[in-house]
Amino acid sequence: MKNLFRHIIIASFLAVCISGNAQEGANDPTFNPIDTSLGNGTNDAISDMEVQPDGKILLAGNFSFYKNIESHHIVRLNADRSIDISFNVGALIDGYIDEIVVQNDGKILISGGFTHYGNNEVNGFARLNANGSLDTTFNTGPGFNNKVYKLLIQPDNKILVAGSFSSYNGVACYAVIRLNYDGSIDNSFAMNSSITSVLDIVFQDDKIIIAGRGSANSYTVKRFLSTGAEDTTFYSWYGNIGFRRSLEIQQDNKILVASWPVSFEESPSIVRLNANGRVDSSFSGGLSSDATITDIVLQEDNKIIIVGEFTNYGSAVAHSAARLNTNGQLDATFNTPLQKVDYPILVAATRSDGLLFGGMFTMYNSICSNYLIALDNNGNQDTIGYDNDKGANNEVSVIVDAGGGNMLLGGNFTHYNGVAKNKLTIINADGGLVESFNPGAGPDGWVNQILRQTDGRYIIVGDFNSYNGIPRKNIARINADGSLDESYNALTAFYPGSTNFGILQGARLQSDDKLIIYGVLYDQVIQPGQFRFAIRINIDGTLDETFTMVAPNQVVTGGIPLVEDLHVLSDGKIIFSLQQYSSSGRAIFRVNTDGSLDNSFPLIEAGFNNYNHKLLPDANGGFIISSQMSSGTNTPNIIQYRKMTADGILETNPFYSTGEESGEILFFQADGKFFVYKGMYLENQIIKRFNSDGTADHTFNSGDGFRGFHKRINTAFFQQDKIIIAGSFERYDGAHRSRIVRITSTGTLNADKPEIKASKVIIYKNNEGVIVKSMQQPIVSVQVYDLAGKLLASDATTIGKSEISLQTGNTKPAILIVKATLADGKVINKKIY
């Protein structure tokens with residue numbers, strides 16, 4: 001069941017009263033007015049950092065803001081983590097930076113995916129002056145023809161560059177080249193080796209240690225002389241090195257190597273080589289079998305900091321960061337993270353009074369940290385310059401009415417307005433915390449659906465295993481004050497003593513507070529061994545055995561599709577819609593109150609416009625049916641919307657179609673107007689309002705829209721003349737908004753309509769590259785990174801595709817992070833082996 005509930009709740013709205021007057025679509029600054037800036041860190045991943053001799057800190061990556069200050073891809077901080085205003089790049093660099101190094105004279109070399117600095121073409125490699133301006137005396141010409149992985153400065157300011165390139169400025173070279181201070185080639189250095197790709201490079205006195213890959217894709221550590229000739233006195237070490245920053249040299253010239261197992265039977269580890277390349281048998285240590293090390297740094301006392309993505313070191317819990325003693329054993333005096341770090345730590349740096357970690361993470365050891373965390377030398381948080389984020393510190397998936405104008409939020413956040421509120425919190429009508437609601441430790445995983453019973457208690461649904469330490473698998477009921485209702489344990493009624501649930505897609509409440517759970521559920525009670533589309537749970541948490549859901553083979557043939565959506569009608573009957581792939585039969589059907597098939601409902605066949613079908617209540621008691629269809633490889637996947645009555649009368653022609661400007665309807669107002677979110681292919685998402693006939697309503701304007709690492713819109717909640725929208729964004733129309741914003745809009749909501757969206761995405765790897773397939777939403781972009789955050793390949797298209805293949809060469813030995821963005825804005829991050 002892991003990750004089965006990471007779905008997006010698109011709309012959950014009830015009308016409450018509050019007034020406001022402003023341009024329709026404008027940000028309402030009176031909503032949670034203290035939410036004005038990122039509390040700390042950046043708004044996207046940090047791929048490299050360097051601490052200057054004066055204590056100032058350079059950060060580089062894919063971000064565009066530090067705290068609330070625009071800083072594209074590179075920023076310099078003072079020692080207290082405030083921004084250094086004497087260094088100003090602004091928006092002049094047009095792409096990500098993944099490697100930086102400071103020269104002895106304070107000038108800064110950068111490499112990455114950028115092509116321009118302002119109007120100057122720099123092709124992924126450039127030098128900046130100490131104030132951030134471009135150094136035009138550094139002449140790289142066309143630059144490198146492939147990726148740069150490491151930059152290293154010699155004492156004489158000559159520059160060693162390592163990567164997978166084979167030419168520089170049109171001149172052939174081998175994976176490592178040395179440049180003069182002005183960027184010209186140093187012809188006194190020539191590496192003639194079978195090494196085709198060098199991932200890391202360090203100095204050992206006046207010699208050069210490299211970690212690279214040969215033509216036969218074998219990984220090795222070798223030593224070269226200052227001329228580039230191989231040092232044959234060094235015992236080359238052959239292992240499996242798939243990541244940048246795999247090497248570190250100790251003061252005694254011993255070499256630390258982050259290795260990866262050649263086979264899955266072996267354990268990844270830190271290996272130490274003697275100065276001559278022989279393995280140092282006095283050093284031992286191991287990591288969990290799923291571990292990845294992305295950086296190694298040494299502290300002044302020669303203790304070793306490792307970061308990456310792992311869960312254990314030896315038998316001890318250690319999440320993504322640890323300190324080792326000089327013999328390779330875990331240092332128990334270091335505050336090793338005991339809580340999961342949500343995404344990998346990519347880079348570490350030492351400073352005079354502690355450590356800095358950067359990467360893709362937003363949580364470190366339960367601390368809100370936007371891609372950056374400062375620690376003291378023993379791993380405790382350094383709070384200088386730190387301020388908890390206001391608003392929600394992570395994704396908000398759902399909003400429901402909590403009575404009295406208040407709203408209950410659910411999602412993946414751990415804090416709201418700097419106060420610990422794990423996955424659940426109640427806020428008032430203007431976005432402030434309601435302190436009386438206390439979930440305590442709350443659920444131990446994501447909440448993506450909340451249903452409010454008539455007695456004021458809540459059913460929460462998500463990807464969790466416990467609530468306040470008490471086992472509750474995926475569904476729990478909580479009291480109005482946030483405490484667990486221990487009398488209710490819904491899934492044990494249908495799955496006694498088992499975790500084999502099938503696929504739980506979501507839940508709905510009937511008017512009598514009985515709970516319909518739907519998906520593809522494995523029956524262990526009524527007809528053991530059979531699959532069911534839905535079950536019904538009594539209000540006391542017991543199984544309602546009077547509800548015998550129609551068997552899948554009575555509805556479809558050729559497979560058992562998931563239930564995509566359902567709606568409980570006022571008479572107790574239930575309309576289901578199914579995800580459609582190769583099955584034949586019904587796409588949409590209705591069951592009676594006992595679960596039997598209602599044959600009076602017209603046949604709407606499987607394959608109806610292909611793919612998934614949503615049920616959106618309209619203003620007239622009927623539904624809007626959404627369906628996605630593919631029109632071929634050279635045309636976009638189109639989402640069409642047709643009207644259907646509650647009795648199943650479906651209009652032939654769609655009243656609205658996304659066409660080439662892909663988008664999806666979010667919700668309807670009572671006057672028939674509806675909102676669509678668009679811009680999945682861009683850096684920002686906008687929402688537009690349309691009239692009931694499908695024509696654009698130009699009185700509503702969302703301006704620059706939603707921006708952020710994921711910029712996803714998940715859910716909305718109507719107040720009179722205003723809409724509260726939540727998701728994973730960090731800005732709205734230029735204003736900082738941490739995952740929740742209120743905007744102005746006239747009109748009232750038609751109906752309460754929570755909806756769960758599944759992302760059925762398959763990501764896998766072959767010998768040539770990465771394949772991404774989506775069975776529902778079209779794919780609009782894919783990026784493939786190594787575990788050090790280096791972008792290996794990318795593909796973005798204005799035409800949504802159901803499959804994207806990226807050629808990354810022979811990737812078999814490496815672990816990759818794949819980031820796929822779907823047409824609905826959802827971002828899938830997956831680690832593949």
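Here are some questions and answers on how features of this predicted model get their labels.

Reader: What makes Arg127 and Asp135 a salt bridge?

Author: Their side chains meet at 2.8 Å, N to O. The cut-off is 4 Å between a side-chain nitrogen of Lys or Arg and a carboxyl oxygen of Asp or Glu. The pair Arg127 and Asp135 therefore counts as a salt bridge.

Reader: Why is Arg127 called buried?

Author: Arg127 has a relative accessible area of 1%. Buried means under 20%. So Arg127 is buried.

Reader: And what makes Asp135 buried?

Author: The relative accessible area of Asp135 is 3%. The limit is under 20%, so the label holds for Asp135.

Reader: How do you know that Asp231 forms a salt bridge with Arg223?

Author: The closest N and O atoms of Asp231 and Arg223 are 2.8 Å apart. A salt bridge needs them within 4 Å, so this pair qualifies.

Reader: Why do Asp231 and Arg223 count as buried?

Author: Asp231 has 6% relative accessibility. Arg223 has a relative accessible area of 9%. Buried is under 20%, so both residues carry the label.

Reader: What makes Asp331 and Arg323 a salt bridge, and are they buried or exposed?

Author: The closest N and O atoms of Asp331 and Arg323 lie 2.7 Å apart. The cut-off is within 4 Å, so Asp331 and Arg323 form a salt bridge. Both residues are buried.

Reader: How many salt bridges does a search of the whole structure find, and which residues are linked in a network?

Author: The search finds 34 salt bridges. Glu24, Lys673, Arg689 and Asp697 are linked in a network of them.

Reader: What share of the residues counts as buried?

Author: Of the 833 residues of the protein, 61% do. The protein exposes about 29,000 Å², and carbon and sulfur atoms supply 48% of that area.

Reader: What makes a space inside the model a cavity, and how many are there?

Author: A 1.4 Å probe fits in a cavity but cannot get out. The structure holds five cavities of 30 Å³ or more. About 110 Å³ of space lies in the largest cavity. That cavity is lined by 13 residues, and the closest to its centre are Asn40, Arg81, Leu372, Ala374 and Tyr386.

Reader: Which strand gives the largest share of that lining, and what classes does the lining have?

Author: Strand β33, residues 372-375, supplies three residues, the largest share. By class, the lining of the largest cavity has six nonpolar, four polar and three charged residues.

Terms used: Residues numbered from 1 in each chain as written. Predicted model: local features only at pLDDT ≥ 70, side-chain atom pairs only at ≥ 80, totals over all residues. Heavy atoms only, no water. 1 Å grid on protein atoms, 1.4 Å probe; cavity = no way out; pocket = protein on both sides within 12 Å on 5 of 7 lines; lining within 4 Å. Points joined across faces, edges and corners; volume = space filled by probe spheres on them. Helix = DSSP H or I, 4+ residues; strand = E, 2+ residues; numbered from the N terminus. Nonpolar A, V, L, I, M, F, W, Y, C, P; charged D, E, K, R; others polar. Buried < 20%, exposed > 50% of the residue type's maximum accessible area, 1.4 Å probe, protein only. Areas by Shrake-Rupley, 256 points an atom, 1.4 Å probe, with all protein chains shown as cover.
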